[in-house]
Structure formats: structure tokens, C-alpha cells
Amino acid sequence: MQLVLDTPGTIVTHKDGAFRIQGKKGGRTFGPGKLDSIAITANVQLSAGAIQLAIRNGIPILFFDYIGKAQARLWSPYFESIATLRRQQVHFAESTEATQWMIDLFLLKTEAQMAHLKYLKGRKVATGIGATVAKMKVESRNFENFRGALLEEVRQHMMGVEGGIARLYWPAVSSALPRTFRFKKRTRRPAKDYFNAAINYAYGMLYSVVEGGLFAAGLDPHLGLLHADEHRKPTLAFDMIEPFRPWADQVVSRACVQGQMQPGFFAKNQYGFFLNKHGKAFLIPAFNDFLRQRVTYLQQEATVKNHIYFLAARLAQRIRATAGE
């Protein structure tokens, strides 16, 4: 499970080979074998012993800001990828194989978006979703035009196709939501409505899982394919998250449809909307439950989190195969 520390003043220490969590209301102990990661969303004190225990057991410590964006990650200094794979990753990014890989990711994303809309189609308030799905399917065929080109040559064209699909997808999602959670357009940071605020936070959590999968596969998250290199940005995670975004969308939309998401989960400042403490207390466990769900994906049954890791491993295998190993 993911241990979430969201109470200011919490102290995390190491005692008898376990994590000791001490707060105002008492203490708890967690063995490292029970934890996949530690997420910190408040001002928390970590002892050096607790950090070393996490590193020895391969447990990443993730720091998030108030809107759910990953800010930092504590991890072993011994990068799991050998230099050969990193060099191969660079060469792969400059080949047509990278274009084909990104096309496959975008096609998977579109399939997941259409599956999400089909889930929402049963809502009485939803209209025209069947026609929207058909249009998205037609639009996605335009990706095939770029398979033989280098990403540098077709990057903007591919993102244009992806943007066209998004302009069909998001209005359809909004139309199926309860009126309180409908939105005019997709807004990032800052979010301009409740739904986008929740989606932004869910994506922040998803980014960390994707980045962890890339690390586990021995890949460098900062060597992106479609997304151009940015200083201190894990651009490969920006690429790899694409097919899984609609899964996070459905976590949030389902909570809205089922009446679990409440307006009281959000706060507003001069910039926009964001999740408050109550919203985080709801969405973080819901997202973690989602990661543990077993689903069939690419003809394989596993948990959602494992599917993310498996896809990262497939990318590493494809990079090696392209290099002739």
C-alpha cells in the first residue's frame, strides 16, 4: 500500500526495522514489506534512519504540493539503468521506432477514452456519446500517417491529432456528469472548476506511479520521446502517462456520478480551485484502491499498477530490440 502522510507535525522514525509514525493522536508502526511508497503532502519530519530504511527496501518517498503535483522524490543514488541502456534510449528517441511507439500509446489512450465514454453513456443526461465515440475512432486513424517518420518531423502533427480527439472527448465527459461537476473546458493549473481540480490531483499521483515504473525498468525518465527535453522534468513520464490518463479520468467521474465527490472537497483562491484536506482524504485512498484493482489489459490480467510497470518494461525491451540486442 501507499502510506500517505498529510497531517502537519507528523514525525517518521525508524524503530526495530519498521517505520514509526508519531502524530498528535498517537503512533503507528508499519513494516517496510507492507509499503509500496510513502506520499507526503504536509510538513512532516523524517529521520535519517527512516529514509535509509525506505531506500534499502526500494520504497520511494514522494513529496506533493497542495494541488497534487509531485515536487520531489527520495530514491537510491544508484540508478538502476546501465549506461548502455541510457545510450540506447537516446538512439531510440531519434528513430522511427520511437514514432511507432508513441502512436501505439496514443491509440491505447484513445481506446481508453472511448471505454470511459461508453461507461458514461448509460447516464440519462448524457447525449450524443455514441456519435462522439465514432468520431474519435475516425480521428485516431490519422496517427497511422506518421509511422514512417521521425518524431522531430511529425511531433506537432501528432499532438494536433491528439488535441482534436481531446476536443471531442472532454465535452462528452462533461455532459454526462452531475451539473455541479460539469466544466467548460479542460484546465490544468490552476483548475477553473471542481472536476478539473480533482483530475489534476489524480494525474499528479499517476505521474509518480509511471515514473516509478520507468525507474524499475532501468529507463531514464528525463529522456523523453514525444515531449521535448525540459530542465528537471521527467519528460518520458509525460509520454508514458498518456494511455493511463483516461483510467484516472474514470476514477474521478465515477466518484462524481455515484455522489461520492462533494463540493465540500474543494477550496478556491484567486487563481482557481484545488482539493482541500477533505478532498485529498477521499481521493488518495480511492486512487490507491484503483491501483490495486485487477483488470485485463493487453491480454494480461494484473493490477492497474502492475500494468503501468509492465508497459514501461515493454518499452525497455523494445529499445533493446531496436539496438539489436
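D239 is found in helix α7. The model described here is a predicted one. D239 is buried yet takes part in no salt bridge. The nearest side chain of opposite charge belongs to R155, and it lies 7.5 Å away. A salt bridge would require a side-chain nitrogen of Lys or Arg within 4 Å of a carboxyl oxygen of Asp or Glu.

What lies 2.6 Å from a polar atom of the side chain of D239? It is the backbone nitrogen of L225. L225 is found in the loop between α6 (194–216) and α7 (235–240). Its relative accessibility is 5%, so L225 counts as buried. L225 can also be placed relative to M240: the two residues are 15 apart in sequence, and their C-alpha atoms are 9.4 Å apart in space.

A contact between a side chain and the backbone is also found at Q89. This residue lies in helix α2, which covers residues 83–93. A polar atom of the Q89 side chain is 3.2 Å from the backbone oxygen of L223. Is Q89 buried or exposed? With a relative accessible area of 2%, Q89 is buried, because buried means under 20% relative accessible area.

The next position is F244, in the loop between α7 and α8 (245–257). F244 has a relative accessibility of 1% and therefore counts as buried. In sequence, F244 and H307 are 63 residues apart; in space, the distance from C-alpha to C-alpha is 9.6 Å.

R292 gives another case. It lies in helix α9, which covers residues 277–292. R292 has a relative accessible area of 46%, so it is partly exposed; that class lies between the buried limit of under 20% and the exposed limit of over 50%. Which side chain is joined to that of R292 by a polar contact of 2.6 Å? The partner is D289. R155, already named as the nearest side chain of opposite charge to D239, is 137 residues from R292 in sequence, and the C-alpha atoms of R292 and R155 are 34 Å apart.

Positive charge also gathers on the surface. K118, K121, K137 and R141 form a patch of positive charge there. One of these residues, K137, is found in helix α4, which covers residues 129–140. Residues in such a patch have over 30% relative accessible area and no salt bridge.

Technical notes: Residues are numbered from 1 along each chain as its sequence is written. This is a predicted model: local features need pLDDT of at least 70, side-chain atom pairs count only at pLDDT 80 or more; totals for chains, interfaces and linings use all residues. Side-chain values use heavy atoms; hydrogens and water are left out. Patches are made of residues with over 30% relative accessible area and no salt bridge: like charges are joined within 9 Å, nonpolar side chains (Val, Leu, Ile, Met, Phe, Trp, Tyr) within 5 Å. Accessible areas come from the Shrake-Rupley method with a 1.4 Å probe; for residues, only the protein chains shown count as cover. Lys and Arg count as positive and Asp and Glu as negative; His and the chain ends are not counted. The place of a charge is taken as NZ of Lys, CZ of Arg, CG of Asp or CD of Glu. Helices (H or I, at least four residues) and strands (E, at least two) are DSSP runs, numbered from the N terminus. Buried means under 20% relative accessible area, exposed over 50%, partly exposed in between (1.4 Å probe, protein chains only). A polar contact is a pair of N or O atoms within 3.5 Å; within protein, one must be able to donate a hydrogen and the other to accept it, and residues adjacent in sequence count only if both atoms are side-chain atoms.
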